[in-house]
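Subject: Structure for you to look at

Hello,

Here is the structure I promised to pass on. Please open it first, then read my notes below.

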Amino acid sequence: MTVVYYLLLFLHFVGWAIVLGGTVTNIRTPRLANGVLHGALTALVSGILMTGIAEMADGLPELNHMKIGIKLVVAAVITALVIVAGRRKDGPSSGLVGAIAALTTLNIAIAALWR
C-alpha cells in the first residue's frame with residue numbers, strides 16, 4: 001500500500017503542477033492551457049484516494065483531518081472554477097485565471113506549511 005500511496009502522491013503533485021503552470025503562464029492573455037481541467041481532476045481524485053489509503057494502511061503518516069478537509073474544499077473550488085472558465089464562450093477573464101492560480105498556490109502552501 002505504501003507504493004500505491006506514494007505513486008498517488010506523485011500524480012497529485014503532477015496534477016497541481018499542470019494547473020499552476022497552465023494558469024500562471026496565461027494570466028496576461030487570459031485563457032486556460034490545454035490540460036488544466038485534467039490536472040485539476042487528477043489532483044482532486046488522487047488526493048481523495050491518498051486519504052483513503054492512508055486511513056487503511058499502517059506505517060503511513062497520521063492524517064490531520066482538518067487540513068485534509070480544507071484542502072478538499074479548496075480543490076473542489078479550483079475544479080469548479082476551471083470548469084466554469086472552460087465553458088465560457090468569450091474565454092475566461094484574467095481575474096478568473098488569477099483566482100485559479102492563487103487558490104492553487106494556497107492549496108500547495110497549506111500542504112507544505114501546515115504541520
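One definition before the findings: Ala, Val, Leu, Ile, Met, Phe, Trp, Tyr, Cys and Pro count as nonpolar, Asp, Glu, Lys and Arg as charged, and the others, Gly among them, as polar. Keep in mind that this is a predicted model.

**The second largest pocket**

With those classes, the lining of the second largest pocket has eight nonpolar, three polar and no charged residues. The space in this pocket is about 150 Å³. Its lining runs through Leu-32, Ala-33, Asn-34, Gly-35, Val-36 and Leu-37, and also includes Val-82, Ile-83, Ala-85, Gly-86 and Pro-92. Two elements, H2 and H3, each give two or more residues to this lining. H3 supplies the largest share, four residues.

**The largest pocket**

How much space lies in the largest pocket? About 740 Å³. The lining has 27 residues, and those closest to the pocket centre are Met-50, Lys-67, Ile-68, Lys-71 and Ala-111. H1, helix H2 (36-56), helix H3 (65-87) and H4 each give two or more residues to this lining. By class, the lining splits into 18 nonpolar, five polar and four charged residues.

**How the helices pack**

Two packed helices are described by the angle between their axes and the distance between the axes.

The crossing of H1 past H2 is left-handed. On the H1 side, the contact includes Tyr-5, His-12, Trp-16 and Thr-23. On the H2 side, Thr-42, Ser-46, Met-50 and Ile-53 are among the residues met. This contact has 15 nonpolar, eight polar and no charged residues.

*H3 and H4.* The axes come within 10 Å and cross at roughly 160 degrees. That angle makes H3 roughly antiparallel to H4. This crossing is left-handed. From H3, the contact includes Lys-67, Lys-71, Val-74, Ile-78 and Leu-81. From H4, it includes Leu-96, Ile-100, Leu-103, Asn-107 and Ala-111. Which classes make up this contact? It has 15 nonpolar, two polar and two charged residues.

*H1 and H4.* Helix H1 (residues 2-24) and helix H4 (residues 94-113) have axes that come within 9 Å and cross at roughly 145 degrees. H1 passes H4 in a left-handed crossing. H1 brings Trp-16, Val-19, Leu-20, Thr-23 and Val-24 to the contact. H4 brings Val-97, Ile-100, Ala-101, Thr-104, Thr-105, Asn-107 and Ile-108. Eight of the contact residues are nonpolar, four are polar and none is charged.

**Residues to find on screen**

Best wishes

Notes
Residues are numbered from 1 along each chain as its sequence is written. This is a predicted model: local features need pLDDT of at least 70, side-chain atom pairs count only at pLDDT 80 or more; totals for chains, interfaces and linings use all residues. Side-chain values use heavy atoms; hydrogens and water are left out. Axes are lines fitted to C-alpha atoms, for helices over the stretch in contact, and angles run from 0 to 180 degrees between N-to-C directions. A crossing is left-handed if the near helix is turned anticlockwise from the far one by less than a right angle, and right-handed if clockwise. Contact means heavy atoms within 4.5 Å. On a 1 Å grid over the protein atoms alone, a cavity is a set of points where a 1.4 Å probe fits but cannot get out, and a pocket is an open set with protein on both sides within 12 Å along at least five of seven lines; lining residues have an atom within 4 Å of a point. Grid points are joined across faces, edges and corners, and a volume is the space filled by probe spheres set on the points. Angles under 35 degrees count as roughly parallel, over 145 as roughly antiparallel, 65 to 115 as roughly perpendicular and the rest as oblique.
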